[in-house]
Amino acid sequence: MSGVFSFTPRFLTAPEYVFALHKPSDQVAVLVRNRNRQQTTQRILPAEAIAIASFQHWLHEQNESGADIFIGMNPVREGSRNRTREQIREVRHAYLDLDEEAGASLQAIRTSGDLPPPNFVLDTSPGKHQVVWRVEGLDTNHAETLLRALASQYGGDPAATDISRLLRLPGFTNRKYHEAFVVRVRHETDSHYHLQDFRVPDDSPESPRHLGDSQTGVRKITAGHRSQSEADWAYARRALSRGDNPEEIISRIAEFRAEDKADPWYYARLTVIKAQLSYLRQSPREPSTREL
């Protein structure tokens, strides 16, 4: 951990957040997604170009017309036209997208003692959050292993575990829901963190990767810890219970396990089928429990 000193937390504007995440010359992806029009526009620009008033004005126009606004968490290589993981120049941030029971998850992050204090906490809609840490010295594999472990341990969105992820840009209205909600971000610390600062177990015992193989102070998988396959099954159960389309659930799991499974689509379909059978067998009187 570095950069520990007296810091006064405060809320940031969109331009301030851009510069808090990135250096002015960094090439950064911005995504504008209008679900009603089924239109998606991606721009890759220097951070300083994203923060200027004219571009912010254009983003606000798009937002007012019904689009959601997102920004890349890690800069891409010079000359890149897309933001695939191969095009990510440097891993700068670890993050969690907290949806269901987000308040409890955020409280656990703050109080568990296993994670460092977040650098940024975004309020993305009522009771939902995104959490961001500044990190140093992580390569792609270590970073994505950490992201998956964090999501599994703290109930984050398993789809938001790749280094090319975009999260919401504060100061813009979340258009995903009927109720208008302006996203805001609280800057809580200027510290920079390393892999050993995150004491979470690797969530993929089927894989040879373990957090901190070359580090000290990071716990390995403990006895009784839920495997990633069990977490995938639990996620499928939860998604089915809230009425998600099974094919969409299969797609999410297949994308999440694309690097871990020889045939991720077969694995995902089998997982969802098993979850469907379990869900159908569940008694209507059985109390629901948090599964992921």
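## Helix and sheet

In this predicted model, helix α3 (residues 53-64) lies across β2 (27-34), β3 and β4 and runs at about 25° to β2, where helices (H or I, at least four residues) and strands (E, at least two) are DSSP runs numbered from the N terminus, and angles run from 0 to 180 degrees between the N-to-C directions of lines fitted to C-alpha atoms, for helices over the stretch in contact.

An open sheet of four strands has the order β3-β2-β4-β8 with antiparallel pairing, two strands being paired if DSSP finds at least two bridges between them. Its edge strands, β3 (39-46) and β8 (166-168), each pair on one side only, and neighbouring strands are turned by 30° against each other on average, direction ignored. Strand β4 (residues 68-72) is joined to the antiparallel β8 by three bridges, and Gly 72 has Leu 166 as its bridge partner in β8.

Leaving aside residues up to four places away in sequence, Tyr 17 touches, among others, Ile 71, Phe 120, Arg 168 and Leu 169, contact meaning heavy atoms within 4.5 Å.

## Basis of the values

Residues are numbered from 1 along each chain as its sequence is written, and side-chain values use heavy atoms, with hydrogens and water left out. Local features need pLDDT of at least 70 and side-chain atom pairs count only at pLDDT 80 or more, while totals for chains, interfaces and linings use all residues.
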